[in-house]
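Colleague: Hi! Could you walk me through this model?

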Amino acid sequence: MNSQYTEHIETQAIRTQLERSAFLEHSSPLYLTSSFIFEDAEDMRASFAEEKERNIYSRFTNPNTSEFVSKICKMEGAEDGHAFATGMSAVFSTFAALLNSGDHIVSSRSIFGSTNSLFTKFLPKWNIETSYFKVNEVDKIESLIQPNTKVLYAESPTNPAVDILDLEILGAIAKKHNLIFIVDNCFATPYLQQPIQFGADLVIHSATKLIDGQGRVLGGVTVGRAALIREIYLFARNTGPALSPFNAWMLSKSLETLAVRVDKHCENALKVAEFLENNSKVNWVKYPFLTSHPQYKIAKKQMKLGGNVVAFEVKGGINAGRKFLNSIQMCSLSANLGDTRSIVTHPASTTHSKLSEEDRLETSITDGLIRISVGLENVHDIIEDVKQALEN
Ligand SMILES: Cc1ncc(COP(=O)(O)O)c(C=O)c1O
């Protein structure tokens with residue numbers, strides 16, 4: 001290969017492959033094995049001493065998980081990574097491995113519900129506290145930083161309100177204060193956005209979403225600076241949140257089609273957003289690549305396309321939101337997102353119903369907010385379904 005040769009992200013997702021077995025298979029095989037064997041006592045000793053890069057036990061590493069992680073590392077521009085059973089085990093293991101009792105986190109207020117529960121219900125048990133900033137209050141971040149602050153944490157685009165945070169600004173703040181900057185990049189995927197370019201030290205994905213893309217398996221991954229990944233790996237190796245080889249194999253295969261799938265998701269989502277923008281039953285619509293999005297310029301700077309999630313507010317509050325869901329005919333009412341099938345949710349009456357109205361509004365979740373994860377059905381059918389549900 002000549003030195004000018006650089007692979008594009010689509011090629012990396014397809015051509016990063018395990019060493020072939022003696023059968024010279026074209027497509028990577030599935031290594032459903034819990035453990036691996038050694039030549040002799042010395043081979044076993046050296047493998048356990050990590051003098052050799054060897055698979056020992058699938059709780060530690062497995063060829064299928066290694067292939068999946070290598071792909072994500074290349075696509076994100078990361079030095080190293082580790083895969084997990086779910087997105088949440090990636091989030092939890094990352095914090096549990098890197099933080100000590102007495103450490104402090106500064107986090108965006110608009111984060112996934114279970115991550116918020118981790119920060120508010122569980123980490124305080126180990127004397128780890130979190131201070132929050134709102135998505136439109138990035139200028140307040142520095143005032144929240146304390147001598148014991150160790151991590152700056154954010155998601156962009158946010159779930160479910162599809163707000164955008166300026167990753168470059170956050171990266172600069174983290175660098176200035178020597179914080180570990182961690183980004184949950186689940187909504188964008190490595191195809192649309194690479195946070196490491198903007199200063200992230202670690203990037204987390206729920207692979208359950210667009211990376212699988214077909215609503216089949218759960219998975220998670222953390223990639224980034226090798227020294228940090230080493231700590232995370234040691235935590236995971238001993239505590240056991242391992243990604244199954246079967247799921248890793250599925251997810252690695254899914255990455256081969258990520259770019260074409262996500263291109264189509266984004267094309268469909270933009271059309272759905274444009275339809276909603278001109279509908280009299282809708283107060284507002286938020287999609288990162290609509291010029292009306294409050295952070296449109298930031299989205300254009302850091303994302304290739306706008307993603308597959310559209311948020312909008314139906315006129316009429318909670319009841320109108322529930323009515324919209326009841327009138328939907330084709331789209332699914334489901335908690336997942338990033339599936340080939342379009343999915344609609346009404347956060348105020350479901351996922352976020354336990355929050356006070358004040359807390360919901362802090363994360364832009366208004367009573368009539370609807371989140372659509374736009375799928376790969378013909379976009380005319382998706383728009384027709386949304387249209388008839390709004391009219392009913
Ligand atoms: C932004 C974000 N992060 C993390 C997760 C958790 O991922 P998992 O469900 O794979 O544990 C989700 C799940 O919806 C999510 O939307």
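Predicted model: local features only at pLDDT ≥ 70, side-chain atom pairs only at ≥ 80, totals over all residues.

Colleague: Which residues surround the ligand?

Modeller: Counting residues with a heavy atom within 4 Å, the ligand is surrounded by Thr86, Gly87, Met88, Phe112, Glu155, Asn159, Asp184, Cys186, Ser206, Thr208, Lys209 and Gly219.

Colleague: And which polar side-chain atoms lie by an oxygen atom of the ligand?

Modeller: Taking N or O pairs within 3.5 Å, serine 206 has one at 2.8 Å from a ligand oxygen, and lysine 209 has one at 2.9 Å. For threonine 208, a side-chain N or O atom is 2.6 Å from an oxygen atom of the ligand.

Colleague: How much of the ligand does the protein cover?

Modeller: It covers 90% of the 390 Å² of accessible area that the ligand has on its own, by the Shrake-Rupley method with a 1.4 Å probe.

Colleague: Switching topic, what is the secondary structure?

Modeller: The protein chain has 15 helices and twelve strands, taken as DSSP runs (helices H or I, at least four residues; strands E, at least two).

Colleague: What about its dimensions?

Modeller: The C-alpha trace of the protein chain spans about 75 × 50 × 40 Å along its principal axes.

Colleague: How many residues are buried?

Modeller: Buried residues, those under 20% relative accessible area (1.4 Å probe, protein chains only), make up 55% of the 392 in the protein chain.

Technical notes: Residues numbered from 1 in each chain as written. Heavy atoms only, no water. Polar contact = N/O pair within 3.5 Å; in protein donor to acceptor, adjacent residues only side chain to side chain. Buried < 20%, exposed > 50% of the residue type's maximum accessible area, 1.4 Å probe, protein only.
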